[in-house]
Amino acid sequence: MEPQQTDNQVVIGVTPDKSTNVNVTATNERHSSNDATEQQPARGTDVARARWTILRQVLKQKQVDSEKVPQVSVRRFSSFNLFSRSRVTTPDPDDPSEGQWVDYRSASFPQYSAFLRDNLGPIRVTEVLNSFDNTGNVCVWPSEEVMAHYCLKKRHMFRGLSVCELGGGMTCLAGLMIAVCADAREVILSDGNEKAIQNVRGVIERNRRAGLFTCADVSSRVVRWDSESDVSALESCFDVVMCADCLFLDQYRASLVDAVKRLLRPNGTALVFAPPRGETLAQFRLLAERAGFRVCQYLNYDQDVWDVHTRMQSEGKDSYDESLHYPHLLTLTQGCGSTLSL
């Protein structure tokens with residue numbers, strides 16, 4: 001079903017045969033070029049430099065706020081405060097692994113919570129520099145937090161459906177919350193990073209033993225969007241595919257569109273939460289249109305998130321930049337109908 005457009009939503013709808021331009025202010029000249037091919041050498045250098053800076057500052061337990069870090073990595077604003085975090089003081093005797101367990105509990109729906117492990121041992125230089133995108137392996141980013149909150153609020157949408165989260169990092173928080181609250185038929189939590197999925201497997205087992213899942217079939221696996229074997233193994237398996245803040249690396253954007261299209265069933269829906277980040281969101285939307293998706297873009301999709309957003313705007317860009325920190329919601333559908341009712 002097509003999303004309802006209400007008065008408090010700013011919605012941009014586009015179809016495969018009709019383009020709609022949206023004015024997005026570029027916050028970084030590296031994101032402004034329409035020629036992605038020409039950007040590649042510079043972006044590779046920028047991303048490598050950003051990963052080194054993240055690694056150095058995480059090890060020093062400093063906030064990632066250096067101007068030398070490309071805007072794909074800035075973390076001046078860290079949370080919409082949609083979940084409370086409390087350290088789990090009682091260790092799990094069945095879990096000998098490293099890492100600190102915390103209880104993530106929804107602020108709006110406190111009956112729903114899950115155990116997460118903040119990290120799994122030391123961060124190694126080779127993992128940061130050589131692994132498939134590591135951004136979600138350092139922290140839970142605001143877009144993932146917002147998507148998890150949105151899934152809790154719209155939990156009725158997922159009842160009886162098969163759901164896959166792509167690029168969920170160390171926690172796959174949104175997919176985990178669907179497993180906790182939605183009575184889904186199946187939930188698969190995925191990332192392209194082996195260590196992330198190692199952590200997610202432990203998270204799934206801990207929450208399963210605690211009896212927190214309403215979904216009986218919860219699993220995790222490595223899914224690289226550019227891997228034919230990874231994608232073909234899950235082709236046409238899902239009613240819902242979702243991801244958060246996965247659009248900013250040029251070399252994976254087209255692969256993500258292709259993976260989403262192939263993983264979805266003909267009447268399935270993709271939920272994509274991401275900030276504009278210069279032109280990266282617009283570029284993804286254009287690729288999705290060209291792939292045959294009908295794309296709707298929502299700016300005000302949840303009042304709690306919107307209230308924090310409007311309050312933070314008054315703080316100024318030194319602490320909050322909506323181009324970097326406020327996730328828009330894109331829905332991608334194909335065909336005449338959708339199993340998801342927003």
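**Note on the predicted structure**

1. The side chain of Gln297 makes a polar contact with the side chain of His328, at 2.9 Å. A second polar contact, at 3.2 Å, joins the side chain of Gln297 to that of Arg285. Gln297 belongs to strand 10, which covers residues 294-298. Its relative accessibility is 3%, so Gln297 counts as buried, the limit for that class being under 20%. The model is a predicted one, and the points below should be read with that in mind.

2. For the chain as a whole, the secondary structure amounts to eleven helices and eleven strands. The chain has 342 residues, of which 56% count as buried. Among contacts with a separation of 6 or more, 76% are between residues 24 or more positions apart.

3. One sheet deserves a separate description. Strands of a sheet pair through backbone hydrogen bonds, either parallel or antiparallel. Here, three strands form an open sheet in the order 2-3-4, and their pairing is antiparallel. Strand 2 (83-87) and strand 4 (113-117) are the edge strands; each has a single partner strand, so one side of each is without a neighbour in the sheet. From one strand to the next, the twist averages 30 degrees. Five bridges connect strand 2 with strand 3 (residues 101-106) in the antiparallel sense. As for individual residues, Ser86 has Asp103 of strand 3 as its bridge partner. Helix 5 (residues 173-181) lies across strand 2, strand 3 and strand 4, and runs at about 140 degrees to strand 4.

4. Which residues does Val88 touch, not counting residues up to four places away in sequence? They are Gln100, Trp101, Val102, Asp103, Phe115 and Arg206. Val88 itself lies in the loop between strand 2 and strand 3. Val88 and Val102 are 14 residues apart in sequence, while their C-alpha atoms are 5.1 Å apart in space. With a relative accessible area of 19%, Val88 is buried, because the class requires a value under 20%.

5. A parallel pairing is found elsewhere in the chain. Strand 6 (residues 186-191) and strand 7 run parallel and are joined by five bridges. In this pair, Ser190 stands opposite Arg221 of strand 7. Strand 7 (residues 218-222) has two faces: Val218, Ser220 and Val222 form the covered one, whereas Ser219 and Arg221 form the uncovered one.

6. At the start of the helix, a side-chain oxygen of Asn193 comes to within 2.9 Å of the backbone nitrogen of Lys195. The buried residues of helix 6 include Ile197, Val200, Val203 and Ile204, and also Lys195 and Arg206. Just after helix 6, Gly211 takes a positive phi of about 70 degrees.

7. Two packed helices are described by the angle between their axes and the distance between the axes. For helix 4 (residues 142-153) and helix 10 (residues 303-313), the angle is about 145 degrees and the axes are 10 Å apart. Helix 4 contributes Val146, His149 and Lys153 to the contact, and helix 10 contributes Gln303, Asp304 and Val305. These residues divide into two nonpolar, two polar and two charged.

8. Gln334 lies in the segment after strand 11 (328-333). Is Gln334 buried or exposed? It is buried, with a relative accessible area of 12%. Its side chain makes a polar contact, at 3.0 Å, with the side chain of Lys261. Leaving aside neighbours within four places in sequence, Gln334 is in contact with several residues, among them Leu264, Arg265, Pro266, Gly292 and Phe293.

9. Two loop residues have positive phi values. Asn81, in the loop between helix 2 (36-59) and strand 2, has a phi of about 55 degrees although it is not a glycine. Ser236, also a residue other than glycine, has a positive phi near 60 degrees and lies in the loop between helix 7 (228-232) and strand 8 (238-244). Asn81 is exposed, with a relative accessible area of 61%, whereas Ser236, at 41% relative accessibility, counts as partly exposed.

Definitions and conventions
Residues are numbered from 1 along each chain as its sequence is written. This is a predicted model: local features need pLDDT of at least 70, side-chain atom pairs count only at pLDDT 80 or more; totals for chains, interfaces and linings use all residues. Side-chain values use heavy atoms; hydrogens and water are left out. Helices (H or I, at least four residues) and strands (E, at least two) are DSSP runs, numbered from the N terminus. Buried means under 20% relative accessible area, exposed over 50%, partly exposed in between (1.4 Å probe, protein chains only). A polar contact is a pair of N or O atoms within 3.5 Å; within protein, one must be able to donate a hydrogen and the other to accept it, and residues adjacent in sequence count only if both atoms are side-chain atoms. Axes are lines fitted to C-alpha atoms, for helices over the stretch in contact, and angles run from 0 to 180 degrees between N-to-C directions. Contact means heavy atoms within 4.5 Å. Ala, Val, Leu, Ile, Met, Phe, Trp, Tyr, Cys and Pro count as nonpolar, Asp, Glu, Lys and Arg as charged, and the others, Gly among them, as polar. Two strands pair if DSSP finds at least two bridges between them.
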